[in-house]
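The following note sets out several points for a reader who is new to examining protein models. Please keep the sequence and the structure in view while reading.

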Amino acid sequence: MARLNVNPTRQEMARLKKRLKTAQRGHKLLKDMRDEMMMQFLELVRKNRALRTSVEQKLMRAHGSFVLAAASMSEESMAEALMCPRQTVSVDVDVKNIMSVNVPVFNFSTSGDSSDIYPYGFGFTSGELDNAVFSLGDVLTELLELAQMEKSAELMSDEIEKTRRRVNALEYVTIPDLQETIRYIKMKLEENERGNTTRLMKVKDMMLQEQLEASQAAREARLAQ
Amino acid sequence: MYKIGVIGDRDSVQGFTALGLTTFAVSDADEAKDILRSPEAAEYAVLFITEQLAAECEHAIALHRYNRTPAVILIPGKDGSLGIGLSNVGKRVEKAVGSNILGD
C-alpha cells in the first residue's frame, strides 16, 4: 500500500481522518447499492433469458409460416399484399428509475383498426399468409417487452460494473491508503513527542551539571582564601 | 412519439411491414450500418435487426450501446437464430457480476 504524500502534521491527520470517515460511509452505501442492483439485475436477466428463448421460437415459427405462404403465392403478389399496412405502430418512451439507473419503458400504441390487421383483400392471397401475419402480430407485444428488458439489462450492467469498481477502489485502495497514512502521521507525531521529551531531559541534565560545577567552583574559591 | 424499425433481408422483414412497423430491407451489412449510423436512427425507440446482419455490424450497434433509445435488439432472421442474442444476455451478466453465474 502506498502512503499518501502529505506533511505529517496534526491538521493533516484531522483532515485525513475526516476523509476516511467519508470513504467508509461511501463504501458502505455503494456496497448496499451494488447488492441491491445485482439482485434486481439478476432477476431481470433471468426473465430476459426466458422471454428471449420463447420469442425466438415464436418468431421462427412465424418465419416458417411466411415461407409456407410464399410457396403458395407468387413473390410479387405477396410483396404487394404486405406492402401497405393497415395500422401504424408508434411508441411512447417513458423513463423508469431502477436504483438510479434510468431505463426506458416502451408503451406502444397502434393507430388504425386493430381488429383487422390484414392489409390485403382475401381474394388474391392464400390462407397461409393470414396465418403468417397473425402469428407475427402475436409476437409483437412480446418483442417490445423483450426490447425493453434487454435495454434495461444493458444499461444496468454498465451501472453495476461502475458501482462494483467504485466499491473495490474504495475498499482496496482508498481506505487502506488513508488508514496507513493516518498511522504514519500518528507514529511520526509520537516520535517527535518522544524526541522532545528526551531533549528536555538532556537539557535539564546539562543545566544541573552546570549549576553543580558553578557551585563547586565557588566553594573551592572560598576555601582557597 | 417514436417509431419502431426492423432491419433485415427482404424475406425476414416483409411480414413486419404488414404490421405497421418501419422496415428496412437491406441486401448487405453496409446498408444496415448506414441506417444505424444515420441521424434518423434517433427517431426510433427500438430497432430490431436480424442476427445475421448484426454479426457483421457490431461497431454500428455499439454506437447506441449507452443511449436509452434506440434499443438495438437482435432477432433471428428467416435463416434461424445464431444464438448471438442469447449469448449477449450471458455477456451482460458476465460484465455486471464478473463471471457468468447463470451458467451457459
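What span should the 14 residues of helix α5 of chain B have at 1.5 Å a residue, and how far apart are its end C-alpha atoms?

1. This is a predicted model. Helix α5(B) covers residues 84-97, and at 1.5 Å a residue it should span 20 Å. Just after α5(B), Gly98(B) takes a positive phi of about 110°.

2. Five residues deserve attention in this helix: Gly85(B), Val89(B), Arg92(B), Val93(B) and Ala96(B) are the buried residues of α5(B). Because they cover an arc of only 105° around the axis, they lie on the same side of α5(B). In chain A, these buried residues pack against α1 (10-72) and α3 (127-224). In chain B, they pack against α3 (51-54) and β4 (71-75).

3. The contact between the chains should be described next. Chain A contributes 46 residues to the contact, and chain B contributes 35. On the chain B side, β1 (2-8), α1 (10-19), β3 (44-50), β4 and α5 each supply at least two residues. Of these elements, α5(B) gives the most, with eight residues. By class, the side of chain B that touches chain A holds 21 nonpolar, nine polar and five charged residues.

4. Strands also link the two chains. β1(A) and β1(B) run antiparallel and are joined by two bridges. Tyr2(B), in β1(B), is the bridge partner of Val91(A).

5. Within chain A, strand β1 (residues 88-98) pairs with strand β2 (residues 101-111) in the antiparallel sense, over 11 bridges. Lys96(A) stands opposite Val103(A) of β2(A). The two strands form a hairpin with two residues between them, and Met99(A) in the turn has a positive phi of about 50°. As background, side chains in a regular strand alternate between the two faces of the sheet.

6. Chain B as a whole has five helices and four strands. Along the sequence, they follow the pattern β-α-β-α-β-α-α-β-α. The radius of gyration of chain B is 14 Å, close to the 13 Å that the globule rule gives for 104 residues, so chain B is as compact as a globular protein of that length. Its C-alpha trace spans about 40 × 30 × 25 Å along the principal axes.

7. Two further values complete the description of chain B. Buried residues make up 48% of its 104 residues. Among contacts in chain B between residues at least 6 apart in sequence, 59% join residues at least 24 apart.

Methods:
Residues are numbered from 1 along each chain as its sequence is written. Chains are lettered from A and ligands numbered from 1 in the order in which they are written. This is a predicted model: local features need pLDDT of at least 70, side-chain atom pairs count only at pLDDT 80 or more; totals for chains, interfaces and linings use all residues. Two strands pair if DSSP finds at least two bridges between them. The expected span of a helix is 1.5 Å times one less than its number of residues. A residue is buried if 20 or more other C-beta atoms lie within 10 Å of its own, exposed if 12 or fewer, and partly exposed in between; C-beta atoms are placed from the backbone. The arc is that of the directions from the helix axis to the C-beta atoms. Two residues are in contact if their C-beta atoms, placed from the backbone, lie within 7 Å. Ala, Val, Leu, Ile, Met, Phe, Trp, Tyr, Cys and Pro count as nonpolar, Asp, Glu, Lys and Arg as charged, and the others, Gly among them, as polar. The radius of gyration is taken over C-alpha atoms; the globule rule is 2.2 Å times the number of residues to the power 0.38.
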